[in-house]
Amino acid sequence: VQLQASGGGAVQAGGSLRLSCVASGNIFSIYDMGWYRQAPGKQRELVARITTGGSTDYVDSVRGRFTISRDNAKNTGYLEMNSLKPEDTAAYYCHAEIKRSRYDLRRGYWGQGTLVTVSS
């Protein structure tokens, strides 16, 4: 199982980016999906997560600006980021809980980071 994150880049404050995370490989079912970020010198933090049924949760600092979504048919998760601020600058990582078969354990997988840089 692999998670491939993409969509990062450099934008000015107030701009927008859309991150994507595609899961591939031997997948039976994908459960919760989430986006984390890690700024230089800081701990990785959960930014947003979405359940299989579509329930969402956000860290206070991005609520109202970021939107997490998923397309279960495409095994893909998204993070729409609007009104970006310099403090949003970080490497963004996707995470998903996945079962590879009906009898497999639910395991957590990480994608590689995609860098978001917001200039003032």
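Good morning. A search of the whole structure finds one disulfide, the term being used for a pair of cysteine sulfur atoms within 2.5 Å. Before I describe this link, two remarks on the source are in order. This is a predicted model, in which local features need pLDDT of at least 70 and side-chain atom pairs count only at pLDDT 80 or more, while totals for chains, interfaces and linings use all residues. Residues are numbered from 1 along each chain as its sequence is written, and side-chain values use heavy atoms, with hydrogens and water left out.

Let me turn to the disulfide. The two partners are Cys 21 and Cys 94, with an S to S distance of 2.2 Å. The pair links distant parts of the chain, since Cys 21 lies in strand E3 and Cys 94 in strand E9, 73 residues apart. Helices (H or I, at least four residues) and strands (E, at least two) are DSSP runs, numbered from the N terminus. The angle about the S-S bond is 65°, and the link of Cys 21 and Cys 94 is right-handed. Are these two cysteines buried or exposed? Both Cys 21 and Cys 94 are buried; here buried means under 20% relative accessible area, exposed over 50%, and partly exposed in between, with a 1.4 Å probe and protein chains only.

Next, the sheet. In general, strands of a sheet pair through backbone hydrogen bonds, either parallel or antiparallel. In this model, four strands form an open sheet in the order E1-E3-E8-E7, with antiparallel pairing. Two strands are taken to pair if DSSP finds at least two bridges between them. At the edges stand strand E1 (2–6) and strand E7 (66–71), each of which pairs on one side only. From one strand to the next, the twist averages 15°; axes are lines fitted to C-alpha atoms, for helices over the stretch in contact, and angles run from 0 to 180 degrees between N-to-C directions.

Strand E3 spans residues 17–24 and pairs with E1 in the antiparallel sense over five bridges. Cys 21 in E3 stands opposite Ala 5, and this cysteine is the one joined to Cys 94.

Finally, I would draw attention to two loop residues. Asn 75 is not a glycine, and its phi is positive, near 50°. Asn 75 is placed in the loop between E7 and strand E8 (76–81) and is partly exposed, with a relative accessible area of 26%. Ser 83, also not a glycine, has a positive phi of about 50°. The loop between E8 and strand E9 (90–99) holds Ser 83, which is partly exposed at a relative accessible area of 41%.

Thank you.
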